[in-house]
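Student: I am new to this structure and would like to go through it step by step. Could we look at it together?

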Amino acid sequence: MEQKVPEKVRHSTNRIGGVSIAWVTLYGALCGVTSLVPIFPYIGGGGYVPLTTPLSAIAPLLLGPVGGVAAALVGGVIGMFIAPAAYPLQVVDIFLNAGLPAIFVALMLKNARWWKVTVPLFIVLGILGWLVPFYVPGAAAGFGKVPEPLYFIMAAIYWLPSTIIAATPLGTRLMPEWVVSSKRVRRYGGVFLTVLAALFVWWLPWTRPYWYLFNFSAELGVATHLAYSWWVPTLSAITAVITIPIVEALERSGLPKIEGAIW
Amino acid sequence: MQPVFRYTKLDTPIHRLHPLVKLAYVLLTLVLVMYPIRPTDMPVLLVWLGLSALLWAVARIELRRFGTLMKILVGTFIFLILIQGFTYRFGKTPLITLGHLRLWEADLGVITREGVWFGVVLSVRVLAATSSLPLFVMTTSSSEIMTALAKLRVPRTATFMIVSALSFTTLIFEMWSSILEAQKLRAFDIERMNVFKRALKAYVPIITPLILLLFRKANDFQIAMETKGFGAPVEPTEIETLTSRPADFLWLGLVVAVFVGCTVLKFA
């Protein structure tokens with residue numbers, strides 16, 4: 001009688017979050033290369049947001065949450081090697097420019113299950129964004145006094161709406177449905193809102209290290225909050241405009257589907 | 001679209017230097033620039049910048065590369081000097097008075113000498129931060145980076161992805177240019193668009209075919225990887241074996257000594 005030999009199962013190193021590492025690598029390379037493509041200017045001058053940021057933000061939509069975040073991080077590392085002048089904070093910038101947009105979009109995409117993580121995380125980031133750098137390290141590091149409650153309200157614009165979206169059925173049920181909807185308008189809306197909620201929260205940790213590095217004054221801190229309040233929705237709209245044609249093309253391409261992706 | 005800073009094969013002491021020593025220099029730069037800053041910190045920053053200049057010179061990196069770095073950063077410097085000039089809260093001595101507009105602690109109509117100086121100090125801080133990574137990139141080959149990451153116990157899959165992605169960048173540049181040329185033939189010229197039109201219209205016809213082509217290539221790459229036995233439970237060999245030489249310890253000693261000197265100078 002033939003005996004069944006137990007098969008030795010080994011954890012596959014060829015996949016990350018169900019995606020082949022070849023896909024993750026090539027998408028990461030694309031994110032890295034596009035760090036040389038300026039897409040949107042910083043308000044007040046001094047630089048541009050590279051195409052890396054929207055491409056990293058949509059990585060979880062195209063490659064699933066885990067594969068997308070991995071691809072964005074690889075892209076950040078490659079961007080650092082290709083455009084080192086755009087990464088003054090080196091490894092920190094890998095997270096700020098590429099990792100965090102992908103992580104926040106991934107969280108919003110899987111918000112139906114992950115809202116218990118997303119909501120507290122957004123609140124913590126919001127409070128940290130309010131405190132750093134004008135209260136922590138504050139006057140000890142030469143930072144001025146910000147006018148309250150104006151400054152708190154300005155900072156809340158960036159995390160409170162996203163937190164409300166993440167905590168309500170809009171974020172837990174509707175948006176995850178809309179991003180995979182067959183109706184184009186609904187899909188545009190879903191992707192735009194997902195990216196918008198993620199990028200609003202991303203803006204806080206993205207800016208604070210630079211405010212610290214550039215020793216922003218209190219006046220500039222308030223003005224920057226105001227000025228970027230239209231900038232983030234515009235960047236999100238651009239990201240949604242780029243995403244939908246890619247998703248539709250992938251659906252028609254005949255390429256193997258990826259678990260957790262929206263196509 | 002081509003990277004300005006890329007590895008150049010030369011035989012210099014910095015090219016021969018162990019990548020972990022160069023990584024230590026890069027990370028110490030990050031620590032140094034993240035120290036809280038005061039207007040009196042200029043000597044500290046200039047000492048570290050001097051070390052960077054020495055390393056750039058020994059690595060025989062052309063001066064025009066430094067010029068390119070400055071060109072990239074000049075917008076940031078002007079922004080910092082102007083903003084600090086107008087809003088620095090300890091600014092007392094007026095340099096240029098355009099009027100008076102008091103907002104909380106600052107008079108936004110006056111550029112102060114202390115503010116401009118602080119803006120210059122911050123610009124030097126940014127220059128010190130940005131000058132370290134190009135040196136590492138231009139003097140370290142992909143295989144050395146891979147070996148260094150392995151020595152730092154970075155998981156092999158991650159190292160493989162990073163190094164493969166680095167080698168794929170050339171292919172992506174070529175594909176990007178081909179698609180751009182193809183779109184130009186269809187009278188879709190991205191270079192003639194302004195920044196907003198570009199953001200809304202230009203990237204979809206380039207990025208969409210690029211991603212499709214890349215994912216198809218990724219399928220081939222996957223097959224190639226599996227054929228070559230990637231992920232097999234055996235210890236892979238290294239393209240380049242790195243050994244530490246006395247010169248590596250000397251350079252490391254110099255970098256650490258300058259860092260300690262700067263730290264003492266700052267906090268003394």
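Tutor: Let us begin with A:Ala102, whose place is in helix α4 (residues 91-109) of chain A; helices (H or I, at least four residues) and strands (E, at least two) are DSSP runs, numbered from the N terminus. Residues are numbered from 1 along each chain as its sequence is written, while chains are lettered from A and ligands numbered from 1 in the order in which they are written. This is a predicted model, in which local features need pLDDT of at least 70, side-chain atom pairs count only at pLDDT 80 or more, and totals for chains, interfaces and linings use all residues.

Student: Is A:Ala102 buried or exposed?

Tutor: A:Ala102 is buried, because 32 other C-beta atoms lie within 10 Å. The term buried requires 20 or more other C-beta atoms within 10 Å of a residue's own, exposed means 12 or fewer, and partly exposed is in between, with C-beta atoms placed from the backbone.

Student: Which residues does A:Ala102 touch, not counting those up to four places away in sequence?

Tutor: Among them are A:Ser56, A:Pro60, A:Gly68 and A:Ala72. Contact means that the C-beta atoms, placed from the backbone, lie within 7 Å. A:Pro60 is 42 residues from A:Ala102 in sequence, yet their C-alpha atoms are 6.2 Å apart in space.

Student: Turning to α3(A), how many of its 18 residues are buried?

Tutor: The count is 17 of the 18, so α3(A) is largely enclosed by the rest of the structure.

Student: What does A:Leu30 touch, leaving out residues up to four places away in sequence?

Tutor: A:Leu30 touches A:Leu55 in chain A, and in chain B it touches B:Ile172, B:Leu210, B:Ile211 and B:Leu214.

Notes. Two residues are in contact if their C-beta atoms, placed from the backbone, lie within 7 Å.
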